[in-house]
Every structure is written in C-alpha cells, then in structure tokens.
Amino acid sequence: MNRALHHDTLLFQLAAEHSPIAMGLATPGGRLRELNGALERFTGRTREDLLARDWQSLTHPDDLTLSLQTHRRLLAGECDHYRLTKRYLHADGSVIWGDLTVSAVKDPEGRLWGTIFQLVDATEIVQTRRQLESGHERFRQLAELGSDLMVMLDTSLRAVWISADSEGRTALGWPADAELGVSLDQRVHPDDRPRLAELSAALLASGQWPRDCLLRMRTASGGYRWMAVMVAPLRESDGTISGYVSGLRDVDELVRTREREAAERQRLRATLDSLLDPHVVIEAVRDSEGKVVDFRYLAVNPMACQAMGQPMERLLGARVLPVVPALRDPELFGRYLHTLESGEPLAIDNLVIAEAVGQPLRHFDLRVVKLGDGLVVTWRDISERAEMSETIELLTRSSGELVVRLDLDGIIRWVSPSLPALLGWQPQQWLGRRGTDFLEHGGACPGYQQARPRLLAGERVVCEERIRTADGSLRWLESYVTPHIGRSGAVEGLVLACRLIDERRAAQEALERKSEELRRKLRTSLAAAAIAHEIKKPLSLLLLHSRLVQRQLADATAPPAALATLIPAIEQNARTVVETIERMNALLRSVPTEPVRLDLGSVVRSTLLYQRPRLERRGIRLETAALEAEWLVQGDGTQLQIALNNLIDNAIEAMAEVPAGQARLRLSLERVDQQVQLSVDDNGPGLPSPSSEQLLLRTSKPTGTGMGLFVVEQILANLGGNLELGRSSLGGASVRLRLPLAPPLDERDQAGGSPAPPAVGGVERL
C-alpha cells in the first residue's frame, strides 16, 4: 500500500509540476498535502506556507459557507466531484477569483482517502463579466425607468445629474442646473416625507425600492403633482453601490381619476348598502355559441342577501338560476334577455311568483335595466301590501261601508269598490275631486269646516252630512274621519269610514218629535205640581187665618183689634199666593226675571231665620261656614229663597229617621273660580244613584216626588247657575248651588277683584 501511494505521489508531482493550472491534494478535512507551483503563483504564498494551511483559510469569508456546504455533500458521498467559482485571499490582501474543480480520491475498498483539486485563475474573467453585467444593468434600468424625468443620485440621494428639455428645465419646471445637489425630500409634499424617509432608509440598507411608489412632487409654480417614482442602485464590479438612478413619471391625472373612481365606487357601494330594497348586478353567462344561458352575480347589497337567505360571499360569482328558480320561467327569462339585447328597461308591477311548491304566492314590484353585458335588478316584496289590499277590497265590498282616502287638500285619492252599490257613482267619477263636492252644502259644508282644525290636530271626528247620489237625491251619511299619520308623525291625509243612516235619522227625528211631545206634557204636569207645591204654605196660612176670623166673628166678646190684625194677614197671604203662582209660571216657561245685585250670604241668613223653628223642633245641629261675609251675585232674592227653602225642607224631611240630637245640617259658602258655591250637606240617607243622568224627580225621602229639586234646577238655570248633586262628607246628600260672581263696580275690583271672603261660621245647637 505504501509503495503504491509513493508511486502515485511521484506521478502526480511530475504531472503537476509542469501544469499551468494550480493543482493539489488535500485530506478529507481540507488540509493541503501536495500542491504545484501554479498554486503558489495563484495565491502568492510559498509551498511551506500552503502546506501548513487548509483550503478553508484561503477562501474568502463571504464564500466559505457555500464551499463548506458543497464539500460536505462530497464527503457524504452525495456526489463524486463539484465545481465552484469563488473568491480567494491573495497573500498581498487582494481578492482573486478561481474556477475550482474538486474530485474525491478513494482506495480500492471505496473508502475516501482525500480530494484532488484543480484551480484556474478566473479573476479577469469575473471582472469582465461584472463590467458587462453592470453596463447591461444600467441600460436595463434606463429602459425600464424611461419616464418624464431622469435623475442620477449619489449615495446620499442628492441629484448629480438630471434630465432637462431644450430650455434647460425639468419636467416639474425647475431649472435643471439649480436641481443639482437637491435631495428628493426637498421636493416632496410635506405629508409624503415620512414615507419617503422610510423608503430611503430601506434603499440605503438593502437597495430595495417599491415599484409602485407614488409621491407628490413640488412644481416650480408652487403646486404639487403626483409622480410615479422608481429608484434602483448602481453597483460597481465588486458589488458595492456607487449611486442610484431614479425615474419620475407624471401620473397626476391618473391618480386624480383613480381617486374620483374610488370615491364614486364608495358612493355607489354606500348607496347600494343603504337601499331598503334588494339590489343586484348580474352579468350574462354565455355558451360556446354566445347564447345567454344564465347570469352571474357581480354585486349584491345586504337587503338582497337577506331576501335570498344567502351570505354575500356565497352569492358573489354564483349563477342566478339555481338561486332564483322563478327566473327559469321562459317568459320572464325572455324579458330579461330582451332588456339585455335592446337596452329597454323592464318594469313589472305585482309580479306573482311561487317561490316553492306548496308555498304561498309572493308579490313583487320588479325593475331591470341594462349595464354593459349584464343587468341591474331591483325588486320589492309587496306581498303584505297586496294581501292587505285584497282583504280591504273584500271587506269594503261585503261590509256595506264606504271607505275614502283624502289628501290634506281634501282631494279624493282612493275610494272603496262599494261606492257604486251605495251611492251609484263609479270610482273614477270621484277620484281627483274634492270630497266636499258631493255633500249637500258643497265646499261650504259647515260641519267639515268646523272639524278640519281638530282633524289636523290628530283627533278623530264623527260627522253626519247629507250626500248626493248619482241620481241627484240626498242620503244621510255618517262618517268616522281619522287622520292619516305619516312616518314623520305629521298628518298627511284623512281616511273616512262611511255608512248610510237614512233609517236611523228617520227614527231619531220621529223619536225627537215624540220626546218633545212628552216633554211638553211633562212640563205641564210639573208646572201644576210645582205651583201646588209652592203655594201650599201660604194657602195653609190663609186657611188658618180665615178660621181664626170666623172664630172671632162667632165670638161676640172678641175685641175688634184682633180682626184688624188677622184681616191684613189674610190679604198678605193672598197676595203671596198670587205672586208665587205668577213667579212659578214664569219660571216654568223659562221666562227670565230681572236679576239684581244682592248678597247671597244675606239671602241664606234670612232663609235660616224662617227655618230656625223647624230645626229647633227636630233637634238638628246647624253648622255654617262663611255666611257672614259678603257674597255679591246677580239674581232674584225671592227665587233664591224658594230654592234654598226647598233644599232645607228636603234635608229636614230626609233626616226624619236620624235619632234626635244626631242630625246635622251644614251650609257653607265659598268661591270656586268665578262662581260662588252654596253647599247644603246633611247626614241623612243621601240621594240614590249619584251617577244617574236624570236630575229631575230625584229624592232621598221615602215618599218624596223630587219636585223640589226640579224647581231649584229651574231657578238656577234662569239665573245662569248650575246644580250639582253628590255624596256628603257627613254621610248623606250634598247639594251644591253655583252662581256667577257679580262684576265689580269700582276700579279696584276691575283691576284684580276682591280677595276671596274669609271662612266665617260656626256650629249651633238648635
């Protein structure tokens, strides 16, 4: 083995010593074992120096990683040889290039013994190639960066050369010679300088510059224009960057156009998304012969996604027919094709479609217009409205009622189909005309004019008017008028639900005639009863005095003075009867008396003087409040005394069953707004059914007729007052008489009126 190795080494030395190509043997680890003189000349090192080294120490550090990776593949048996062009370190410190070929040397058993290498000096070849590549790169960059403005920059990104026109000005209008030494950031828009700083830093660090860089550059006139800016590094033969070349192309109009297009697309997208109706854009899908066989979704708005029950990402790009089976109908599809081919818009109202077998019919309003090789489709689901219209029509036809819709000007906009059957008119004869034109009084209809302000305020009004039929006759019509409130909350029109009420009006008129006849009979009966009621006391006194006179005349010993006293009393009672009858007749005929200014408190106190003996005999406790104050009213003192006496009589008789000493009667005066209120309260059984609508003939007495309350009510009506009945806090009846306050006489009262009188009163044991 040693002999063979010695023989091989001798042959290698002889062959290699005379070869111009550097050659050598190395261990698997890379240590040099043999080499020729060409390797010494290539590296500039002595034989002894080289044999003390390995090839790794001679390799340029930047190429060492690739060399080691390739050499490991050889040692691992993945290849028998490899070839590299790499840099080496010359003894004088320079860098030299070598074309290296390395082959594996193995023993007969296949074990790796070492490597043999050949190294050709490629420095000149590499430099020449680098120069060619650099020149090619410069020309390539000039070709690619062909633009409106060319700039050569140094490593600090300052202009060292700039292209100019025949007048020596750049494409931005600056004098070319004045731009030398100016950096890019001095001409860029202030808002773009942060981005330029980032791009410049990346360029200086890595030599990279984005191809789609757009910057606003300042012009000589003071404005800014969008420029497409491209920058590429210029490298020397050793790879170092010696400068940059920049091309600037004017794209201002292009950018402005794109901005307008983007804004328009954004507005269009926002418009589509805000539409309350479904909206889609579809394009035609054609077969090999160019025939339209389907459509494809290009754009859809959210409402379309909701209507079709599909997410937007699934619809975009999908075909239409699988999503909308109704379009398979040849007639509907043909109308789509007609719009696509002719450009004529398609409008279909109340299109009825069955979305699926067994499903209810749906109603749509459809609009289709052409757009390029496609269509824009908008639809509105009006199923609920159609169903409601059908329901309303059925109801109005079968209900016998007339429904009319008016606008705010009173113009008829819709009328139910029941119009011909009810009034003989055809709907087209009413539409567009004023609703009042068909009423008895026409446009001057007083009922409508009075109700209009309330209707505009949102109130519901019921009107009864006579309306003309088609044959000219008049019928009574009852209208329930309801304001139509729009979405804004304001009244936008009126809706009238009307019915004929001729029979009811005839019945009402007959009832009113009968009621008036009954009222006359009742008033006659009440008048007779009231007169009898009021003259009962003076007639009783007259009868008593007459009997006394008879006794005096029968008694011969009676003194003449007694007769002198009784005869005037009889005359006075007779006059009282006559005056009472006259007043009651005037009262029941609703003949007003001449009111005078009087103190209501004085009237009450005088009445109590008359009633005091009865109250004492019955043991009724009298309670008063504010009777001593002055309460001025306009009235008739006699009538007021009659009314008050009736009320006190009723209260005394109503408390007949109350144990002696427990009966209570309270009279009080107080001011209520611009009226004086006289309250008469007791603790008797009270009035029945205070909520009853019948005021006349109500009584709390077991055997009473209610005539007294009727008289009181008539008196107050003549004096402009009113009567209220209720439950007293004492437990019995409460009767409240209200009369207007008398107007003030002096300036003080006219300015503000007298203050409310103080509450003066007390409790008496009678």
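Local features were taken at pLDDT of at least 70 and side-chain atom pairs at pLDDT 80 or more, whereas totals for chains, interfaces and linings use all residues of the predicted model. Residue numbers start from 1 along each chain as its sequence is written, and side-chain values rest on heavy atoms, with hydrogens and water left out.

The protein chain contains 21 helices and 28 strands, assigned as DSSP runs (helices H or I, at least four residues; strands E, at least two) and numbered from the N terminus. Of its 766 residues, 39% are buried; buried denotes under 20% relative accessible area, exposed over 50%, and partly exposed the range in between, with a 1.4 Å probe and protein chains only. Among contacts (heavy atoms within 4.5 Å) between residues at least 6 apart in sequence, 50% join residues at least 24 apart.

The largest nonpolar core has 43 residues. A nonpolar core is here a set of buried Ala, Val, Leu, Ile, Met, Phe, Trp, Tyr and Cys residues joined through side-chain atoms within 4.5 Å. The members that touch the most others are Leu-600, Val-604, Leu-665, Leu-667, Leu-669 and Leu-737. Two or more residues each come from helices H18 (600–618), H19 (637–654) and H20 (707–718), and from strands S24 (664–672), S25 (675–682), S26 (722–727) and S27 (733–740). H19 gives the most, with eight residues. Leu-665 touches, among others, Leu-615, Ile-620, Ile-648, Ala-651 and Val-680, residues up to four places away in sequence not being counted. A second, separate core of 29 residues includes Phe-295, Leu-321, Phe-333 and Val-368.

Five strands form an open sheet in the order S17-S16-S20-S19-S18, with antiparallel pairing; pairing requires at least two DSSP bridges between two strands. Strands S17 (412–415) and S18 (461–468) are the edges, each pairing on one side only. The twist averages 30° from one strand to the next, with axes fitted as lines to C-alpha atoms and angles running from 0 to 180 degrees between N-to-C directions. Within the sheet, S19 (residues 474–485) and S20 (residues 491–500) are joined in the antiparallel sense over nine bridges, and Ile-485 is opposite Val-491 of S20.

The count of salt bridges is 36, the criterion being a side-chain nitrogen of Lys or Arg within 4 Å of a carboxyl oxygen of Asp or Glu. Asp-373 pairs with Arg-286 at 2.7 Å between the closest N and O atoms. Asp-373 lies in the loop between strands S14 (361–371) and S15 (374–381), and Arg-286 in strand S11 (residues 279–286), 87 residues apart. Both are partly exposed, Asp-373 at 38% relative accessibility and Arg-286 at 40%. Arg-367 and Asp-349 form a salt bridge with an N to O distance of 2.8 Å, linking S14 to strand S13 (residues 346–354). Arg-367 is partly exposed at 38%, whereas Asp-349 is exposed at 53%.

A salt bridge at 2.7 Å joins Glu-464 and Arg-505. Because Glu-464 lies in strand S18 and Arg-505 in helix H16 (residues 502–554), this pair ties together parts 41 residues apart in sequence. Glu-464 is partly exposed at 28%, and Arg-505 is buried at 19%. A network of salt bridges links Arg-225, Asp-250, Asp-252, Arg-256 and Glu-259.
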